[in-house]
Number of protein chains: 2
Amino acid sequence: MASVPVDKDSADQKLQFAPFSSALEAGFWHQLTQKKLNDYRLDESPKNIKGYYYNGDPVGLPTRLTLEFSAFEADGPSPARCCPVTGTLYNTNTLEAFKTSDKKALLEQQATEIWDSIQSGDALKDPSLLCKFLLLTYADLKKYHFYYWFCFPALCFSEGIKILKEPATLDQVFSSKQTSALQAAYDSLCGETGTSAVPYFLIKYTGDTVQVAQLRDWDSFNTDLNKVTVGVYDPCTLPQHPGWPLRNLLFLLASKWGSQLDVVEVMCFRDRTLQGSRNIQHSIVFQVKLPIPEQSVNAACPKNVGWEKNPKGAMGPRMVNLSECMDPKRLAESSVDLNLKLMRWRLVPSLNLDKVTSTKCLLLGAGTLGCNVARTLMGWGVRHITFVDNSKISYSNPVRQPLYEFEDCLGGGKSKALAAVDRLGKIFPGVNAEGHVMSIPMPGHPVNFSEATMSQARQDVEHLEKLISEHDVVFLLMDTRESRWLPTVIAASNRKLVVNSALGFDTFVVMRHGLKKPKPCGPGDSSDPSSSSSLPAASLFSNIPGHRLGCYFCNDVVAPGDSTRDRTLDQQCTVSRPGLAMIAGALAVELMVSILQHTEGLCPRLSVTVICSSVTVICPSVTVVCSSVTVVCSSVTVVLSQCYCSPVPVLL
Amino acid sequence: MASVPVDKDSADQKLQFAPFSSALEAGFWHQLTQKKLNDYRLDESPKNIKGYYYNGDPVGLPTRLTLEFSAFEADGPSPARCCPVTGTLYNTNTLEAFKTSDKKALLEQQATEIWDSIQSGDALKDPSLLCKFLLLTYADLKKYHFYYWFCFPALCFSEGIKILKEPATLDQVFSSKQTSALQAAYDSLCGETGTSAVPYFLIKYTGDTVQVAQLRDWDSFNTDLNKVTVGVYDPCTLPQHPGWPLRNLLFLLASKWGSQLDVVEVMCFRDRTLQGSRNIQHSIVFQVKLPIPEQSVNAACPKNVGWEKNPKGAMGPRMVNLSECMDPKRLAESSVDLNLKLMRWRLVPSLNLDKVTSTKCLLLGAGTLGCNVARTLMGWGVRHITFVDNSKISYSNPVRQPLYEFEDCLGGGKSKALAAVDRLGKIFPGVNAEGHVMSIPMPGHPVNFSEATMSQARQDVEHLEKLISEHDVVFLLMDTRESRWLPTVIAASNRKLVVNSALGFDTFVVMRHGLKKPKPCGPGDSSDPSSSSSLPAASLFSNIPGHRLGCYFCNDVVAPGDSTRDRTLDQQCTVSRPGLAMIAGALAVELMVSILQHTEGLCPRLSVTVICSSVTVICPSVTVVCSSVTVVCSSVTVVLSQCYCSPVPVLL
């Protein structure tokens, strides 16, 4: 296996080690993504993580250190018969920080910790301190590119380790009885220490007897320093070389007992499952002469190495592009969440995104306003969107109604409610959208008294009631006044949040409907309605409680009537500056989100204290050049005690 | 031809007339659409229009009155050998008005005019006054449905017109010489009167001699009242019946000379082209006895009829659905224009739409802002849109960038600039869009000094300069500060209108860049720069002249540097409330439209007096429930005399 990279620490007859190859599973990156988005955010401080290695790999595999999904549970279990390795994750916020990290200093710090643990004797008590790793990462979550660089710190002798006896396989050294005894002894050592694998151990064998012990038992176990055998749980599969974990063990031995040890026998303990039963006969055994380290006790950290080479064999980081191997639909889903979650990193840590994304929205009207509201809802990650509309797409629609295209107009035009659903699916396959082609019964629009039309009207009312009761927020986005009446009443009766928007030529209104304060229904409700009503109503931005807000119709002295009869062309078309629907649609959704984030939120009993946000913005008007933006909080004038939208049963 | 409807005005032996059938060509409706949109708008007053009939139709065709494209040029020429008929168009604004129009009164009014012209003698001098029509219409330009009802007013005798001699064809009455003589005489009468067809005329024939004369020459021509022959240019092809135009002529004759005439001979003059030569031998001749009208001179208008039956034979209007026979792409084009033109009907009659729709817009950036700006431009009817962007569509884009869909993200993502162009074509096939995948050279982003990269940078600058010079308005919609610098300078140098928009988390800016006042270059420029600079700068909405406005960089003390280096994920993604880009994009376009409509418009020498419309709207913020809208006219602070954007040559 000449092609496997081997660290050239020594000349001929000098011991060489197979370095670790990092093996990162996709699950690790997915978990890092989640941690970064939800927990770490902008926190760059080092994190404890965990990898593992296995001593039973088939011949040909590199000496792997594996990190998977579970790497972030540093204290969690490792897979059966794998040896855990603790590591430190340095995840940078920027590619620049990743590139400019002081790799030498990071390695030096880890090496010093290992050296300290050798000097203090801690490593003897807990040999896992000898084998550690560092992982420097930068996760580009926009592109799903992950940059990383592993380091497996190893302390170096200034001269090489001399091989006294070339590596031989275990079956050349041990009888099969000894082999079985070694295996049994190792297994019971694992049992004693309660670990899945013991990384380093002591071995003594005479005749058929094979004993093993923990490193900490050195003094009592190694009574004869002329015959010392150490065992290492070895992830390497090369017949002539040990794996990386042996390095720091030999350094420990040299530091502690170097001058007393003429020769050390090393057994690279390698496991394998052959024909159903475990087999350790291919483990290798060799003898070395350890140099005496130059460093005296308490001296500075010895020379160290450890940064992994990249696949080209050069010192440098690696990059993995996960976007290629992800399911595109899942990728879209994560990407959409990404932009939203980033809001919580710096700007609005308290933002409750789940509350927004899980909100079920009913859009009454899939025209200019409906399309823009739906698009903004998608931007906020709302997944459940239902359209109600009875009209078809006409040729003038696509340039103003951003869910439709020219093709949708052909052959008389598709139904808006259904075409809108199709489009949402094309924009984001993870959406849960529904369309209902139906008319909303309207006061002032007489229903003729035939059995069929009466029954249709009744069905429409029932259908609308069902839809409203199944959603959390109702958007009123129709093109007539009177079609807003029935949903207003039903939604009030169901105590749903109603956001209403309507367009003029260069004006628009975006408002939430109020809800009457319900009677106290539990001990938790201690608020006094009279206290909030003492707020100065004259201030434009005073905090008007929701129960003092009216609905669209409270603001108005015109009884609902048929406004579609006898309309001229421009009145039918809602002639409006094209930009207005985008502004009003976007503000309607932003208003909903703001209300949902209020501490008293949508709680049916307390939703009343959120202020009205009805805003009329007069856009840059065409005839006057000044683009004045005038804000009128129209609902200040709307503190009516009785209104259509009182929560009374709907009677028609 | 028993199936052809014939007015049953008389019993057996009583003369019956073939009523007119209205024949409306598609060109008529297209022209009506244009007139309605651009000229009439909400004006319902009666309009003069024009139809024509022809006396040479093949057998089997109904008695047609044709209206085509040219109907609105009431004084224009008619097709060769066709007889023009003047009419009155009543085009209502609403279907309701169409339905409730007082048809009886309309007919009565026209009939009275005819009756008056008979009594006054005007009809004798100008017999075309006898044949008129009314057209009542309602044009539903949203659906391209046209409702209409024709009326061909005819005065009625209280009793029928008795036939004394059954109709015979001309060749049974005239020799071929006489026939030829009649034809020659008629043609020269047309020549004399300068018309393509004379509707009514007098005939005298003895031997081979045939004479014709105008009605006005009755007294001198008809010396013998026992032998009076009148000719009528007859659109009817029935062998036993005359067409409608004869009715009012007979009423005239009866009114004027009824008591003196025992018998009137009528020749229905019918033309036809047979084997290359004209032929009138199938014209019909008959004799009638006219009743004496009951009405004395100056009495009320006689009984009258005239509203056309619909194809079912009932009294009622007709409807034509032109959307089915129009080219869908043209239909889309008209429909898009419709919404825009309607603005001029009532709200902004002075709106100069051509100035908006013909503006060439360059969008630098096809991301969140670019997509929304493009959509709003389409809504305004802008046809020429060019995108510049160097990035590809990623999975997080479609929910916020309304020109892209999930499919566009697959396989590494399409180029935004090109995908945006494709989408615009799908929305509106008539758009003239172009995409350029290129980077904008940025200060602070060093170009490495290889020949290739230097040459690429030089090419990019040249390309950008060319693009800016070819457009009227430049939108800065990029995601970094420094990428806005070079276009700012080039556009200032080219004296283009620059609209700049940038997003924060819950703030945004939409501003126009100022332009230094150029030196006076002609006698027309009499404005005094010092007069406008004396305006109070403290007032938020004072009218700041354009030459006192700065650019994006004048507002800022940060020199352009590389802001893309070392950015954390949230800084890369422009974390922003999703609704903001729609609001800012829409306002950017509305701002452009407002500036274009200013009287001093984009005139390169005078564009400087338009005020700054830089508006920062702080949207409903997430953490505070109050959705306050604060307006800061940031450019008030920006009256710098020197800035980067001075019109100096660009040096790099």
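Analyst: Helix α13 (residues 451-470) and helix α14 (residues 485-493) of chain A pack at an angle of about 50°, with their axes 10 Å apart. This makes α13(A) oblique to α14(A). Angles under 35 degrees count as roughly parallel, over 145 as roughly antiparallel, 65 to 115 as roughly perpendicular, and the rest as oblique. The axes are lines fitted to C-alpha atoms, for helices over the stretch in contact, and angles run from 0 to 180 degrees between N-to-C directions. Helices (H or I, at least four residues) and strands (E, at least two) are DSSP runs, numbered from the N terminus.

The model is predicted: local features need pLDDT of at least 70 and side-chain atom pairs count only at pLDDT 80 or more, while totals for chains, interfaces and linings use all residues. Residues are numbered from 1 along each chain as its sequence is written, and chains are lettered from A and ligands numbered from 1 in the order in which they are written.

The crossing of α13(A) with α14(A) is right-handed; a crossing is left-handed if the near helix is turned anticlockwise from the far one by less than a right angle, and right-handed if clockwise. On the side of α13(A), Leu464(A), Glu465(A) and Ile468(A) make the contact, and α14(A) supplies Leu486(A), Pro487(A), Ile490(A) and Ala491(A). Two residues are in contact if their C-beta atoms, placed from the backbone, lie within 7 Å. By class, the residues of this contact are 6 nonpolar, no polar and 1 charged. Ala, Val, Leu, Ile, Met, Phe, Trp, Tyr, Cys and Pro count as nonpolar, Asp, Glu, Lys and Arg as charged, and the others, Gly among them, as polar. An α-helix has 3.6 residues a turn, so residues three or four places apart point the same way.

Chain B shows how α14 is covered. In that chain, α14 (residues 485-493) has 8 of its 9 residues buried. A residue is buried if 20 or more other C-beta atoms lie within 10 Å of its own, exposed if 12 or fewer, and partly exposed in between, with C-beta atoms placed from the backbone. The buried residues of α14(B) are Trp485(B), Leu486(B), Pro487(B), Thr488(B), Val489(B), Ile490(B), Ala491(B) and Ala492(B). Their cover includes α13 (451-469), β17 (360-364), β20 (473-476) and β21 (497-503) of chain B. Just after α14(B), Arg495(B) takes a positive phi of about 55°.

One of the covering strands, β21(B), runs antiparallel to β22(B), joined by 5 bridges; two strands pair if DSSP finds at least two bridges between them. Within this pair, Val499(B) stands opposite Arg512(B) of β22(B). Strand β22 (residues 508-512) of chain B has 5 of its 5 residues buried. Phe508(B), Val510(B) and Arg512(B) point one way from β22(B), Val509(B) and Met511(B) point the other way, and all are buried. In a regular strand the side chains alternate between the two faces of the sheet.

Gly365(B) lies in the loop between β17 and α11 (368-379) of chain B. Gly365(B) counts as buried because it has 27 C-beta neighbours inside 10 Å. Leaving aside neighbours within four places in sequence, Gly365(B) is in contact with Gly370(B), Asp389(B), Leu477(B), Met478(B) and Asp479(B).

The axes of α11 (residues 368-379) and α17 (residues 578-597) of chain A come within 8 Å and cross at roughly 50°, which makes α11(A) oblique to α17(A). This crossing, too, is described as right-handed. Thr368(A), Leu369(A), Asn372(A), Val373(A), Thr376(A) and Leu377(A) of α11(A) meet Ala581(A), Met582(A), Ala584(A), Gly585(A), Ala586(A), Ala588(A) and Val589(A) of α17(A). That contact has 9 nonpolar, 4 polar and no charged residues.

Among contacts in chain A between residues at least 6 apart in sequence, 73% join residues at least 24 apart.
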